[in-house]
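The sequence and structure are shown below.

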Amino acid sequence: MFGIVMSERPFYLRIIKMTNLSDDDKISEKRRAIQKIEFLPTIPVMLQKIIATSYDPDSSAQDLQETIIKDQSISAAILKLANSAYYGYPRSVDDISRAIVIIGFKTVVSVAICVSVFKSLSDKFNSQEFNVEEFWKHTFAAGEAAKILVQKVDQELSSHAYIIGLLHDIGKVVLSFLNSSNFDDAVFNARALNKPLYRCEEEIFGFDHQAAGGLLGDRWQLPENIVAGIKYHHNIEACPEHLQEDAITAHAANYLAKSAKFGSSGDERLWVLHPLVKTKLNITSETVNEVKSELDKKREEINMFLESIE
Ligand SMILES: [Fe+2]
């Protein structure tokens, strides 16, 4: 089935691709995707180390710092960030230990995660319809939003919240890798029809970026709570009860990054915050507003952050 709409550009008609996949088609599409995902890179070593350290009570921040500074791209990004106008340090910083003191260890870990994931996947993401840089900005903002949110509600969640926020939409990279033209059609349809992108993906691919990201999460053997954030952030009710806080964190992070208009996640419409965010995390509307304004204050830092890892 096809429909025609006017695009934003005048006199330009574009066909909306609409498919009606049967359940059998969906199963075989997903099977094909699982085979193709084997060609995506394995988990970035640095991400693996950071996750392992954060789940291991015996490992120290010192061990992690020593590992991080051995990575040239990460060290370069840390130095670039420490020398940025945002930190306003009066003299040029060329010593990595000094740079770490200036930007803080938590930010160093965030830089290490972003550089390793970005380097691993950025060349897999090609899109005519989708502004890739704006997408990375959205994901960094979601990481920050998740971190700010859980610091207010649940310290237990906080060590992984940044990763959950950062990776929640990683399935969009996977869909683009699987079939960039289909992914562009889904993005186009979402805008033209004012529908959620994940619904348009489901119509075209037979599954959405949550499922695609879940497949990458399995390939990377990510911890189940990080995978839950990826797989259920638009469908919290489907998440197993014991992982629901993680799915809610990802959902809220996405909402907050979108409502603060950081970057772009592909569809511009702001969906309502799921009521479970407030009941399960036990927060009020005031807390949500506080997180929003704290996130807004980080706008310049996030922009610098993005520049430092390019
Ligand atoms: Fe999403």
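Asn 282 is exposed, because 10 other C-beta atoms lie within 10 Å of its own; a residue counts as exposed with 12 or fewer such atoms, as buried with 20 or more, and as partly exposed in between, C-beta atoms being placed from the backbone. Asn 282 belongs to the loop between α15 (275–281) and α16 (285–297). Helices here are DSSP runs of H or I with at least four residues, strands are runs of E with at least two, and both are numbered from the N terminus. The model is a predicted one, in which local features require pLDDT of at least 70 and side-chain atom pairs count only at pLDDT 80 or more, whereas totals for chains, interfaces and linings use all residues. Residue numbers start from 1 along each chain as its sequence is written.

The phi of Asn 282 is positive, near 55°, in a residue other than glycine. Most residues other than glycine have a negative phi. Gln 221, in the loop between α12 (209–219) and α13, also has a positive phi. The two loop residues are set out below.

Helix α13 (residues 224–232) has 8 of its 9 residues buried, so the rest of the structure largely encloses it. The buried residues of α13 are Asn 225, Ile 226, Val 227, Ala 228, Gly 229, Ile 230, Lys 231 and Tyr 232.

In helix α11 (residues 197–205), Leu 197, Tyr 198, Cys 200, Glu 201, Ile 204 and Phe 205 are buried. These residues span an arc of only 160° around the axis and therefore lie on the same side of α11; the arc is that of the directions from the helix axis to the C-beta atoms. An α-helix has 3.6 residues a turn, so residues three or four places apart point the same way. Gly 206 follows α11 and has a positive phi, near 90°.

Helix α4 (residues 72–82) has Ile 74, Ala 77, Ile 78, Leu 79, Leu 81 and Ala 82 as buried residues. Their cover includes α2, α3 (61–69), α5 (96–103), α6 and α17 (299–309).

Two of these covering elements also pack against each other: the axes of α2 (residues 45–55) and α6 (residues 105–121) are 8 Å apart, at an angle of about 145°. Axes are lines fitted to C-alpha atoms, for helices over the stretch in contact, and angles run from 0 to 180 degrees between N-to-C directions. From α2, Met 46, Leu 47 and Ile 50 meet Val 109, Ala 112, Ile 113, Ser 116 and Val 117 of α6, a contact being a pair of C-beta atoms, placed from the backbone, within 7 Å. By class, this contact has 7 nonpolar residues, 1 polar and no charged. Nonpolar here covers Ala, Val, Leu, Ile, Met, Phe, Trp, Tyr, Cys and Pro, charged covers Asp, Glu, Lys and Arg, and the others, Gly among them, are polar.

The largest nonpolar core holds 90 residues, of which Ile 78, Val 111, Ala 112 and Ala 145 touch the most other members. Such a core is a set of buried Ala, Val, Leu, Ile, Met, Phe, Trp, Tyr and Cys residues joined through C-beta atoms within 7 Å. Helix α7 (residues 132–153) supplies the largest share of this core, 11 residues. Apart from residues up to four places away in sequence, Ala 145 touches Gly 165, Ala 253, Leu 256, Ala 257, Val 291 and Leu 295.

Glu 134, found in helix α7, is partly exposed, with 14 other C-beta atoms within 10 Å. Neighbours within four places aside, Glu 134 is in contact with Gly 263 and Ser 264. The C-alpha atoms of Glu 134 and Ser 265 are 7.5 Å apart, although the two residues are 131 apart in sequence.

For the protein chain overall, there are 17 helices and 2 strands. Its radius of gyration is 20 Å, close to the 19 Å given by the globule rule for 310 residues, so the chain is as compact as a globular protein of that length. The radius is taken over C-alpha atoms, and the rule is 2.2 Å times the number of residues to the power 0.38. Of the 310 residues, 44% count as buried.

Methods
Contact = placed C-beta atoms within 7 Å.
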